[in-house]
Amino acid sequence: MGLRDTNSGHAGDQQAVIDIGSNTVRLVIYGGPARAPVVLLNEKVSARLGKGAAEHGKLSDKAMNAALSALGRYAALLRARGIRRVYTVATAATRDASNGAEFLGKVAALGLNPRLLSGEEEALTSAAGVAGAFPNARGVVADLGGGSLELVHIAGTECEHGSSLPLGTLRLPALRSGGAAKFKRKVDKLIEETGSRCAPGEALYLVGGSLRALARYHQHLIGSPIDDPHGLAMEPDALLTLCRKLQRSTVLAGAPGVAPARLATLPDTAALLAALIAKTQPSEVIFSGWGLREGLIFNDLPPAQRRADPFAAGVRAFAEPLGASPSVAAMIAGWTAGVVGSHDNQRENLRLSATILAIASQQVEPNLRSVTVVDWALHKRWIGIGGPERAMLAACLLANVNREIPVDIELLAKPEEVHQAVSWGLSVRLCRRLTGLAPQLFSSAELAVADGQLVLTLAPVIVPLATEVVEKDLKLLAEHLSLKPVIEQRAL
């Protein structure tokens with residue numbers, strides 16, 4: 001693990017992970033809030049260290065030279081940017097190679113401080129990344145790399161039974177060459193020995209570039225409006241059907257976001273995944289964009305920060321520079337709670353975050369606003385939410401700017417969820433158009449439901465603000481809720 005920089009300032013707020021893997025050697029620089037770090041730079045070189053380790057038991061000179069060249073560049077970049085909080089880790093290929101220690105010595109000579117993770121440490125750290133992304137995670141985490149497959153059971157932030165199996169993507173072609181039946185027996189035996197199995201109601205969380213490529217391929221096939229596989233949840237039977245189709249394929253058509261090298265590994269990845277699903281018996285399969293690298297950062301957070309909601313932290317860090325005040329958003333959420341609120345704390349947290357983003361969207365140029373908010377909802381990397389919540393975000397933000405909901409968004413969530421989110425957006429629209437988001441005016445108006453009516457009660461001081469525009473917005477919300485709009489003046 002690298003040096004720690006406690007100084008304040010831009011560079012001091014950044015941290016980096018150098019991941020010396022079996023397929024790639026990667027540098028990722030993170031900024032933003034510690035609980036929801038944002039990727040500022042992501043570079044990789046396909047050194048394929050694991051190829052020599054798998055075939056000959058040692059790292060080849062060619063692979064080491066490619067890796068060291070990339071690592072020299074990374075070290076120079078980090079020095080130039082003044083980033084001192086650096087995690088440098090090596091995994092399966094270096095761990096398994098007879099000359100791994102020699103290689104790490106050369107890495108250290110570049111000014112880096114490499115740490116060789118054991119198989120168990122690698123598994124537990126990847127699971128910590130999943131715990132950071134999905135605070136309520138329960139089940140089995142499977143991290144597929146070039147040299148190995150890591151399995152670990154997870155329950156919230158508690159991770160246990162970390163195992164590392166020689167089933168990395170670089171090893172799969174040789175294993176499958178003996179036929180499907182032999183491959184399945186080998187994989188089944190290795191997984192069985194780890195004891196990895198989901199209890200009823202638990203999920204299988206998938207980590208790794210090849211697995212994310214498979215998820216992205218699926219999104220392309222179904223025409224999903226979301227192009228980020230993080231948070232994609234699938235029924236096991238549906239995923240097994242896809243895996244059976246892929247593992248029989250010899251030539252696959254290209255898909256946006258899936259590199260040719262990843263595309264070529266999909267049949268092998270699908271074969272392993274089918275066996276993994278069959279042995280672990282999950283109730284749901286969830287793809288994670290967070291894994292080992294984010295797990296290193298998450299493990300170093302204080303306990304209070306680890307318990308924080310990553311989605312809420314990400315939204316606030318994103319929206320505050322756009323003038324969105326969380327306190328004003330909370331006031332709006334409180335003002336509308338009696339009409340569009342719920343007793344579900346998780347859903348209320350989503351409503352509050354959607355309200356913050358709705359305020360922030362007012363800073364976007366009007367003719368770009370509807371396109372921009374859809375990008376925010378569907379394409380920005382949000383941690384802690386999945387497809388249905390993204391669809392609700394989009395529905396809320398579009399309703400706030402009085403735009404119709406595209407059909408493809410409605411495919412991501414249940415009709416009642418989309419309907420609820422539209423009511424959030426229309427209520428925010430009414431509040432901001434009535435008050436201009438001036439907090440001192442909130443107490444001069446009240447919104448409530450009574451006898452089939454949506455009643456807006458105004459103090460005399462705010463009556464002049466209830467123009468035709470406000471009446472129209474009240475009517476939009478009332479009709480959406482199947483209520484009759486009424487404006488009343490509060491008695492003196």
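**Legends to the close-up views**

**View A. Asn 402 is partly exposed, its relative accessible area being 36%.** In this scheme a residue is buried under 20% relative accessible area, exposed over 50% and partly exposed in between, as judged with a 1.4 Å probe and protein chains only. The model is predicted, and local features accordingly require pLDDT of at least 70, side-chain atom pairs count only at pLDDT 80 or more, and totals for chains, interfaces and linings use all residues. Residues are numbered from 1 along each chain as its sequence is written, and side-chain values use heavy atoms, with hydrogens and water left out. Asn 402 occupies the loop that separates helix 17 (387-400) from helix 18 (407-410). Helices (H or I, at least four residues) and strands (E, at least two) are DSSP runs numbered from the N terminus. The phi angle of Asn 402 is positive, near 60 degrees, in a residue other than glycine. Most residues other than glycine have a negative phi.

**View B. Arg 48, which is not a glycine, has a positive phi of about 55 degrees.** The residue is placed in the loop between strand 3 (38-45) and helix 1 (49-56). With a relative accessible area of 37%, Arg 48 is classed as partly exposed.

**View C. Ser 196 is found in the loop between helix 7 (180-194) and strand 9 (203-207).** Its relative accessibility is 9%, so Ser 196 counts as buried. The side chain of Ser 196 forms a polar contact of 2.8 Å with the side chain of Thr 194. A polar contact is a pair of N or O atoms within 3.5 Å; within protein, one atom must be able to donate a hydrogen and the other to accept it, and residues adjacent in sequence count only if both atoms are side-chain atoms. Leaving aside residues up to four places away in sequence, Ser 196 touches Val 140, Leu 151, Ile 191, Lys 279 and Thr 280, where contact means heavy atoms within 4.5 Å.

**View D. Asp 227 and His 379 are joined through their side chains by a polar contact of 3.3 Å.** Asp 227 belongs to the loop between helix 8 (209-222) and strand 10 (233-234). The residue has a relative accessible area of 38% and is therefore partly exposed. Apart from residues up to four places away in sequence, Asp 227 touches Arg 216, Gln 219 and His 379. Pro 256 stands 29 residues from Asp 227 in sequence, with a C-alpha to C-alpha separation of 8.7 Å.

**View E. Ala 421 is part of helix 19 (residues 415-435).** A relative accessible area of 0% makes Ala 421 buried. Once residues up to four places away in sequence are set aside, Ala 421 touches Met 392, Ala 395 and Cys 396. Ala 399 is 22 residues from Ala 421 in sequence and 8.3 Å from it in space, C-alpha to C-alpha. Ser 427 also has its place in helix 19, and its relative accessibility of 1% means that it counts as buried. The residues that Ser 427 touches, not counting those up to four places away in sequence, are Thr 336, Val 340 and Leu 477.

**View F. Leu 110 lies in the loop between helix 4 (100-109) and strand 5 (114-116).** Its relative accessible area of 28% makes Leu 110 partly exposed. Excluding residues up to four places away in sequence, Leu 110 touches Leu 68, Leu 71, Gly 72, Ala 75 and Arg 79.

**Setting of the views. The chain comprises 20 helices and 14 strands.** Its radius of gyration is 26 Å, close to the 23 Å that the globule rule gives for 492 residues, so the chain is as compact as a globular protein of that length. This radius is taken over C-alpha atoms, and the rule is 2.2 Å times the number of residues to the power 0.38. Along the principal axes, the C-alpha atoms fill a box of roughly 85 × 50 × 40 Å. Of the 492 residues in the chain, 54% are buried. Among contacts between residues at least 6 apart in sequence, 71% join residues at least 24 apart.
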